[in-house]
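Here are some notes to read with the structure open beside you. Please take the points in order, finding each residue in the display as it is named.

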There are 2 protein chains.
Amino acid sequence: MLSKKTKYAIKALVSLGKNMGNPPIQISKIAEEEKIPKKFLEQILLDLRNAGFLYSKKGAGGGYSLNKDPKEIFLVQIMRITDGPIAMVPCASLNFYHKCEECKSETTCGIRSVFVDVRDATLQILTETSIANIIERENNLIAEV
Amino acid sequence: MLSKKTKYAIKALVSLGKNMGNPPIQISKIAEEEKIPKKFLEQILLDLRNAGFLYSKKGAGGGYSLNKDPKEIFLVQIMRITDGPIAMVPCASLNFYHKCEECKSETTCGIRSVFVDVRDATLQILTETSIANIIERENNLIAEV
DNA sequence: ATTAAGTCTATCTTTTCTATATACTTTATC
DNA sequence: GATAAAGTATATAGAAAAGATAGACTTAAT
């Protein structure tokens with residue numbers, strides 16, 4: 001399961017993505033609109049900022065805006081910052097690998113082999129899907145109704 | 001991430017799958033061989049038994065064996081028993097659906113739309129992969145070395 | 001100077017996961 | 001039929017993670 005942290009992060013980025021070209025948005029505004037606890041959102045936005053995805057401005061008239069083209073911010077990047085590994089077992093993780101203590105032979109483990117496949121299938125979608133793409137999906141879904 | 005419960009469940013099923021045709025195996029034997037805490041494994045095997053996947057025999061000379069053809073036991077079934085939902089967001093789950101409290105419009109939610117795709121990709125693998133298939137993968141991996 | 005913002009770090013609370021404990025039931029075997 | 005070997009069932013402890021909140025600090029606009 002995606003943590004709320006990650007869900008909130010994506011929601012905030014989508015909000016900011018829709019705001020491109022306009023002055024920065026305040027944490028409290030995003031928190032209110034997306035129904036995210038403000039103090040929790042502060043932490044999340046800080047993480048995203050420290051990872052280089054957001055530009056922030058302190059003081060009156062400050063706020064947050066995207067520091068990159070929404071076409072160049074991919075879900076996989078966000079998820080690795082906020083949730084960590086994409087794979088369902090640590091021994092199948094590319095960026096957060098570690099051994100299963102109880103495992104006898106990793107190279108011949110059938111379970112690992114399946115979850116490497118699952119990881120690859122998941123990764124294919126998450127590395128392709130950008131914030132811009134999510135906004136696009138929403139526009140398409142709205143148009144369908 | 002897969003819970004240890006699910007990982008242990010799959011390991012136990014693979015053990016039992018390799019034992020087809022032989023007398024039942026005792027919990028303590030599986031626990032020892034697979035390095036799984038015995039009392040924890042008891043609970044897990046009970047769940048699998050109550051779900052109809054295992055046959056059990058009490059008393060001396062008792063133990064567990066598969067109640068189905070290992071070709072007919074699929075990962076998706078096990079995971080739904082031990083971990084619950086496959087989807088990464090509750091609103092994209094087929095068997096454990098529930099609404100995101102903070103979501104404005106589910107039908108037009110771009111995030112949900114992505115994670116429905118992820119769910120489908122994951123599901124395709126997990127509904128195809130059986131215990132027999134995992135054993136087969138292991139044999140292939142051993143042969144490669 | 002004052003106010004409106006973000007920054008940083010710590011801590012609290014709740015939930016979930018993992019594991020263990022205890023008492024009970026069934027069955028084989030001597 | 002007593003005994004030991006096994007599974008059954010339920011409760012609970014302990015640890016870790018997730019979610020949320022608090023408070024003091026910094027920066028910038030007016």
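1. By class, the surface near DNA strand D is made of nine nonpolar, nine polar and 10 charged residues. Please keep in mind from the start that this is a predicted model, and that a residue is called near the strand here if one of its heavy atoms lies within 4 Å of it.

2. In total, 28 residues surround DNA strand D, and the closest of them come from both chains, namely A:K39 and A:Q43 from chain A and B:R49, B:S56 and B:Y64 from chain B. Which part of the strand do the protein atoms approach? Of the atoms of DNA strand D within 4 Å of the protein, 67% belong to sugar or phosphate, while the rest belong to bases.

3. From chain B, a polar side-chain atom of B:Q43 lies 3.1 Å from a base nitrogen of DNA strand D. The elements that give two or more residues to this surface are α1 (4-18) and α3 (38-50) of chain A, together with α3 (38-50), β1 (54-57) and β2 (63-66) of chain B. Among the contributors, α3(B) gives the most, with five residues.

4. Turning to chain A by itself, the chain is divided into domain 1 (4-66) and domain 2 (74-129), and the C-alpha centres of these two domains of chain A lie 28 Å apart. Their contact takes nine residues from domain 1 of chain A and seven residues from domain 2 of chain A.

5. How much area is buried between domain 1 of chain A and domain 2 of chain A? The value is about 690 Å², of which carbon and sulfur atoms give 81%. On the domain 1 side, A:T6, A:I10 and A:F53 lose the most area to domain 2 of chain A, and together they account for 57% of what that side buries.

6. Between the two domains of chain A, the rule finds zero salt bridges, although two residue pairs are in polar contact. On the side of domain 1 of chain A that touches domain 2 of chain A, α1 and α3 of chain A each supply at least two residues, and the largest share, five residues, comes from α1(A). The residues of that side divide into six nonpolar, one polar and two charged.

Technical notes
Residues are numbered from 1 along each chain as its sequence is written. Chains are lettered from A and ligands numbered from 1 in the order in which they are written. This is a predicted model: local features need pLDDT of at least 70, side-chain atom pairs count only at pLDDT 80 or more; totals for chains, interfaces and linings use all residues. Side-chain values use heavy atoms; hydrogens and water are left out. A polar contact is a pair of N or O atoms within 3.5 Å; within protein, one must be able to donate a hydrogen and the other to accept it, and residues adjacent in sequence count only if both atoms are side-chain atoms. Helices (H or I, at least four residues) and strands (E, at least two) are DSSP runs, numbered from the N terminus. Ala, Val, Leu, Ile, Met, Phe, Trp, Tyr, Cys and Pro count as nonpolar, Asp, Glu, Lys and Arg as charged, and the others, Gly among them, as polar. Domain bounds come from an automatic or database domain assignment. Contact means heavy atoms within 4.5 Å. Buried area is the accessible area (1.4 Å probe) that two parts lose on being put together, summed over both. A salt bridge is a side-chain nitrogen of Lys or Arg within 4 Å of a carboxyl oxygen of Asp or Glu.
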